Amino acid sequence: MILNINISTILNAIIREKQVLMLFFLIEIILSLLLWLITNKGGNVYKSQTIKLTDKISIPNSVGQGQYGTSWWMSIKELKNIFKPNKIKKN
C-alpha cells in the first residue's frame, strides 16, 4: 500500500479541518518551546557571588551548612601562625 500524500493535501487538511488546525498549532507551540529551552540555556546556569583570588582566578563563595566539609582557603593570619619560618644556624 502506497500513500499518495503531497503538500497541497496536507495544507488543505490543516486549513479546512478545525481539529487538524488545533493539533498543528499545539505541535508548533510544543516545538517552539522545546527549541527555546534548548537554545536559551544561558551559559552559566549556576550563578553565585565569587571571591577573586587573582586577576584571572575567581571561586564561588562557600554555601550550605558544611554537609560536604568546611575546608576553605587559609587566611594570611592562619598562614603566618601555622607556617612559621625556622632559622637554622650555621656551625
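So, K52 and D55: both of these residues are exposed, meaning over 50% relative accessible area, where under 20% would be buried and anything in between partly exposed (1.4 Å probe, protein chains only). Their side chains meet in a salt bridge, 4.0 Å from N to O. By salt bridge I mean a side-chain nitrogen of Lys or Arg within 4 Å of a carboxyl oxygen of Asp or Glu.

Quick word on what you're looking at. This is a predicted model, where local features need pLDDT of at least 70, side-chain atom pairs count only at pLDDT 80 or more, and totals for chains, interfaces and linings use all residues. Numbering starts from 1 along each chain as its sequence is written, and side-chain values use heavy atoms, with hydrogens and water left out.

Okay, the overall layout. We've got 3 helices and 2 strands, in the order α-α-β-β-α from the N terminus. The chain is more spread out than a compact globule, because its radius of gyration is 32 Å, well over the 12 Å that the globule rule gives for 91 residues. That radius is taken over C-alpha atoms, and the rule is 2.2 Å times the number of residues to the power 0.38. The C-alpha trace spans about 105 × 30 × 30 Å along its principal axes.

Now helix 2, which covers residues 18-39 and includes L34; helices here are DSSP runs of H or I, at least four residues, and strands are runs of E, at least two, numbered from the N terminus. L34 is partly exposed, at 45% relative accessible area. L26 is in helix 2 as well, and it's partly exposed too, at 48%. From L26 to N40, 14 residues along the chain, the C-alpha atoms are separated by 21 Å.

Which residues form the nonpolar surface patch? L23, L26, I27, I30, L31, L34, W36, L37 and I38, with about 910 Å² of accessible area together. Patch members need over 30% relative accessible area and no salt bridge, with nonpolar side chains joined within 5 Å and like charges within 9 Å. The areas come from the Shrake-Rupley method with a 1.4 Å probe.
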